[in-house]
Amino acid sequence: MKFKLNPILREEMKRYAGSRRFYVWLAAYELLLLAVSGTGYGIALRNGWNHVMDYSGIAYVYLVLAGILGSTVLLLVPSFAAASIASEWEDRTMELLMASPLKPFRIVAGKMLSSICLTLLFIVAGMPFLSLVFVIGGVEKRHLLELLLVLAVESVFTGSIGVYLSALSRKTDTAGIRSYLAAMGAGIGTILIVAVVYILRKSSGGHPAGVSPVSTFVLLLLVNPLVTLASLLMGHMGYTVKFERLLNVLGTLPQGILTHWCMISVLLQLLLSAVFFCSYSTPPAALLSVTKTSHTKDRNPPIIFLMSITFESDFCHIDS
Amino acid sequence: MLKIHQVSKIYQRKYLLEDLNLEVANGEIFGVIGAHGAGKTTLCRMVAGLIPFEGGEILAGTPEVRIDGEGAAGLVGYVPAEFGRYRDMTVAEYLEYYGGLYGISGYRIDRRMQELLPAYRMDGMEVVPVAELAPHEKKQLALVRCMLREPDVLVLDDFYHGIDAGKRPVLDELLHLLQDTGKAVLVTSAGFSPLAGSGAFLGILQNGAIAVQGSLEEISEQINQTNPLELLVAENCAGAVEVLKQEETVTRISIDGGRILAGFRGTQEDQTRILRRLVENDVELISFQRRKSDLETSFWKMTEEN
């Protein structure tokens, strides 16, 4: 049986592998991680001169680095995927893509896969800095593997949302902005919603002490990639109990969900990704309008305009 | 073979195309001429299987296959009006990319390129960046791309757009090559002159259907029929006017010294009869002819009227 690689994936990988800009960005990223880990490990290990070793300091460096990798995923994946689809429209090459035997589903999947692969390149590039923590200990090999797996899942999740939103955009800039909003919605928006509900319900009173007013709303956090990552990392650090207590403050949940929060949220996010994915099998007509695409204007609420002038559209283009 | 039967397309609650009929046999070139917004590009996209349509059917290939907006599966090669931007891609990479999309890769794509590039006058251009190609070279490359899949039908939207007149013969030659290899080719254009050298069978797209069909000469004649008769009279102008007034096929008459212009809606027989009657009535004619305006102007006048 012959395995045929998605031609879009193959082509994008060839392009980026041959582009100088990509390696410049990668090098900059590595330098950032070097700076952070260098400072972190340096400070943590300095205590060794006093013969009082604070091993837990190393753990915090690990957490910070893992946090940077997590944010990288959240920021890069959606915008790569969104921008690469929108740029097909901008470059007027989408029509021919549609006319090829490749189904729209495979086109979108290819774009998403290439953005995931590229982001995972960045993640894997950061692994060596994380693995320095083995010198001291406290983190096991399987923890790094778990981290990589969870980051991969987050890539798929944020990628599928970002692509879903950008399928409607014809310009790379607005596509990038919309996908950022999607990522932030999942990462911050869900926390905000839960916080607001908490405050509202707490202030309205009438709840017996010890029982949290939010309860089921907290389940919304299952789709929050940052919370998933936090639950994983806190588990690595041995702070599982702390994590559970934190969630209990916000809402009472069955213990089963609390103990397996990471696993459940990963599965839920993969399920949602599949749902978003299946919605891409729209026939070409729905995505290809009869009107001249050069006059298509993306309509965005004012906040997107504000964001677009603060964000560098450079981020959205990884130009060869 | 391409057959379009009674096809309609509704856009924004109006009929853009209504009961359109069109047939292109193998080895034939059909040129669709229409003003902007007439529906040429929509028609092309429908034939390429990109958009659905209401009513009628489109059949392509031998044996015939229905095309229904779900893709044309390699039967129809499509060259859109805009070539598109390909950053940092050479000719070879462009063909490899589309080859990959079309399911052709590895040594097969190399072989196809070796066969097709010389045939389409692109010999030795494998390493040229696509962005540096001249407009007509981009069209050539687009044709090569289409021919990777060996389709039976080719749809070339606004093929001559942006090509200077001096380079049109190059593209004409390629169209003839396609003709010789037995392809059915549908070309669109916004005017007559680009298609003049291609020898295509022409059809004018107006009000959602093909209003007039024929070779360039036949259509010219039909269009010229809206042109007035022009008479240059040496003597007996009054007599000429009398003769003309008696003719039902003559509409308006304007006189300027010895020159008479008469709006005329008759046939060639009517024309010869008028000429004979003028001579019989002692009109000293210097010249008598149907005013020939250039094709493009007549075409625009015609489309404006409707």
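Helices (H or I, at least four residues) and strands (E, at least two) are DSSP runs, numbered from the N terminus. This is a predicted model: local features need pLDDT of at least 70 and side-chain atom pairs pLDDT 80 or more, while totals for chains, interfaces and linings use all residues. Residues are numbered from 1 along each chain as its sequence is written, chains are lettered from A and ligands numbered from 1 in the order written, and side-chain values use heavy atoms, without hydrogens and water.

**Stop 1: chain A**

Buried residues (under 20% relative accessible area with a 1.4 Å probe, protein chains only; exposed is over 50%, partly exposed in between) make up 47% of the 320 residues in chain A.

**Stop 2: a pocket in chain A**

Select A:E146, A:S231, A:L232, A:C262 and A:M263. Of the 19 residues lining the second largest pocket, these lie nearest its centre. On a 1 Å grid over the protein atoms alone, a pocket is an open set of points with protein on both sides within 12 Å along at least five of seven lines; a cavity is a set where a 1.4 Å probe fits but cannot get out; lining residues have an atom within 4 Å of a point.

Now colour the helices that give two or more residues to this lining: helix 6 (141–166), helix 8 (225–237), helix 9 (240–250), helix 10 (255–259) and helix 11 (261–278) of chain A. Which helix gives the largest share? Helix 6 of chain A does, with six residues. The lining divides into 10 nonpolar, seven polar and two charged residues. Here Ala, Val, Leu, Ile, Met, Phe, Trp, Tyr, Cys and Pro count as nonpolar, Asp, Glu, Lys and Arg as charged, and the others, Gly among them, as polar.

**Stop 3: the sheet of chain B**

Switch to chain B. Six strands form an open sheet there, in the order 6-7-8-3-9-10, with mixed pairing. Two strands pair if DSSP finds at least two bridges between them. Look at the edges: strand 6 (76–79) and strand 10 (209–214) of chain B each pair on one side only.

Zoom in on strand 6 of chain B. Four bridges join this strand to strand 7 (residues 153–156) of chain B, and the two run parallel. Pick B:V79: its bridge partner in strand 7 of chain B is B:L156.

**Stop 4: between the chains' residues**

Select A:L96, A:A99, B:G74, B:V76, B:G77, B:Y78, B:Y102, B:R145, B:C146, B:R149 and B:P151. Together they line the second largest cavity. Helix 4 (94–99) of chain A, strand 6 of chain B and helix 4 of chain B each give two or more residues to this lining. Strand 6 of chain B gives the most, with three residues. Seven lining residues are nonpolar, two polar and two charged.

**Stop 5: helix 2 of chain B**

Finish with residues 91–101 of chain B. Nine of the 11 residues of this helix are buried, so helix 2 of chain B is largely enclosed by the rest of the structure. Among the buried ones are B:V91, B:Y94, B:L95 and B:G100. Step just past the helix to B:G103, which takes a positive phi of about 85°.
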